[in-house]
Amino acid sequence: MREICLDVLQKFFWKGVLKMCKKFFALALGLTMLFSTTAFALGITYPADGIYSLRPKIAPDKELSVQNHGKNWGANVIIDNINSGWQKWKIQRIPGTEFYSIIAVHSNLSLDVDSGRAEDGVNVATWPFLCESPNQFRIWDAGNGYYIIQCALPGNNAFVLDVERAENRAGANVLSWSFNNGDNQQWQLVQERSLSAFQSYDKTASKTVNAYVMPDLSSRNGNERVDAGDNVTVLREEGNAYLVRYPVSGGTKVRWVNKNEIFNGGGGGTSYNVPAKLQNLINTYNNKTWKDHTYLSSVKQCKEFASFIFDKMYGVGYIGGGSITDNPQNYLINIANKSRVDIRGYRTNLTTQSARELFQMAQPGDFVQIRRRHGEPHSGIFVNRTGDGIILFEANADGRNSIRTNTYSYSDLANKNYAMSLYYAK
């Protein structure tokens, strides 16, 4: 009898210790989330940009969903059975921050904590993404393939996405609640496909344009606009729109603008109808053979052809020299007409990611200067981006002076080239 009693006491003792450890872990993670985004940043994770489904641990056969397939502003967010297109979410990191946007694919509306209230039980719905605290989120690794999604709300408490009352039924509501590490606060991120990360960049607006709250450029908030001369940060690109941060009295705002208007399709200053001019030149010269010294006697092959096309589009004359084979910086050009031409950006020691970053800045018609891995230079004209790469209009890529529009993935660019630079007409 004595041995049985001791055995029972030991079981209760270790059960109590285990329970205390679990509480301590939850408290420690809560304190990490509560007090730090830098000193305790080990818990923060950065999933790749992509299309995801979000499945709660409390109900692994359900997914985060928009109630009644709603596309309207303020549509409620719930969990529902796995069976619908309105359960797909674009999870994308906000450039320069540790935060993510979580946007419904079917409506282009963002998860949003009602009025940005930092208190338990605040409802979560879908609203336009304006890069404000109610629709920004940190993502924490909770272990075992699950994540905590913390709302970027003001104050010291950590509020996270929470299935209300820990229900596991279809239709259970989703709201914001103080972190407690419950199964109703942990989410599995199931990636459907990846999205290319966007590298933000700064640029000056060359004309005054309307500002919109949706990427389809259909809805405005009063008469908001970006003024010519404003220094803006381009945060994201979607369809015909850029998401930009621009200055306003007392701070900044984030809105969508028409990407074909704000920079006039070129580097600023003079307005050029680059796509039409470029397409006409492609139609005229594509699949032909370039004859050396047709345009200039001092250069030939790819450099002469690209300089010819660039001058044809913008009337800036010869772009400039400095890209000879024995020059270790032959990815850079000594610009001949600095009042009309400037460098947009460059990357050395190319990787797939840095190539992508560089060409996120590019505009159709930009002059591209390249240093190959083997040291030779090459030149071309940027036509456009593809899903995971670019199109160049160039001569002599085949060593035979053939004129072609060639498509390259970002990994191709990184494998073949050491460095690249971009130039635009002002």
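Leaving aside neighbours within four places in sequence, Leu 161 is in contact with Leu 111, Val 124, Phe 137, Ile 149, Cys 151, Val 174, Leu 175, Asn 184, Gln 185 and Trp 187. Contact here means heavy atoms within 4.5 Å. The model is predicted: local features need pLDDT of at least 70, side-chain atom pairs count only at pLDDT 80 or more, and totals for chains, interfaces and linings use all residues. Residues are numbered from 1 along each chain as its sequence is written, and side-chain values use heavy atoms, with hydrogens and water left out.

Leu 161 lies in strand 10 (residues 159-163). Strands (E, at least two residues) and helices (H or I, at least four) are DSSP runs, numbered from the N terminus. The relative accessible area of Leu 161 is 0%, so the residue counts as buried (under 20%; exposed is over 50%, partly exposed in between; 1.4 Å probe, protein chains only). Val 174, one of its contacts, is 13 residues away in sequence and 6.8 Å away in space, C-alpha to C-alpha.

Strand 7 (residues 122-127) pairs with strand 3 (residues 75-81). Pairing requires at least two bridges found by DSSP between the strands. Strands 3 and 7 run antiparallel and are joined by two bridges. Ala 75 has Thr 126 of strand 7 as its bridge partner. Strand 6 (residues 110-113) is also antiparallel to strand 7, with four bridges. Here Leu 111 is partnered by Thr 126. Strand 11 (residues 174-178) is antiparallel to strand 7 as well, over two bridges. Asn 123 has Leu 175 of strand 11 as its bridge partner. Leu 111 and Leu 175 are both among the contacts of Leu 161.

Glu 304 lies in helix 3 (residues 301-314). Glu 304 is buried but has no salt bridge (a side-chain nitrogen of Lys or Arg within 4 Å of a carboxyl oxygen of Asp or Glu). The nearest side chain of opposite charge is Lys 300, 9.0 Å away. Lys and Arg count as positive, Asp and Glu as negative; His and the chain ends are not counted. Beyond four places in sequence, the contacts of Glu 304 include Trp 290, His 293, Tyr 295 and Val 299.

The largest pocket is lined by 28 residues. (A pocket is an open set of points on a 1 Å grid over the protein atoms alone, where a 1.4 Å probe fits, with protein on both sides within 12 Å along at least five of seven lines; lining residues have an atom within 4 Å of a point.) Glu 237, Glu 238, Gly 239, Lys 259 and Arg 385 lie nearest its centre.
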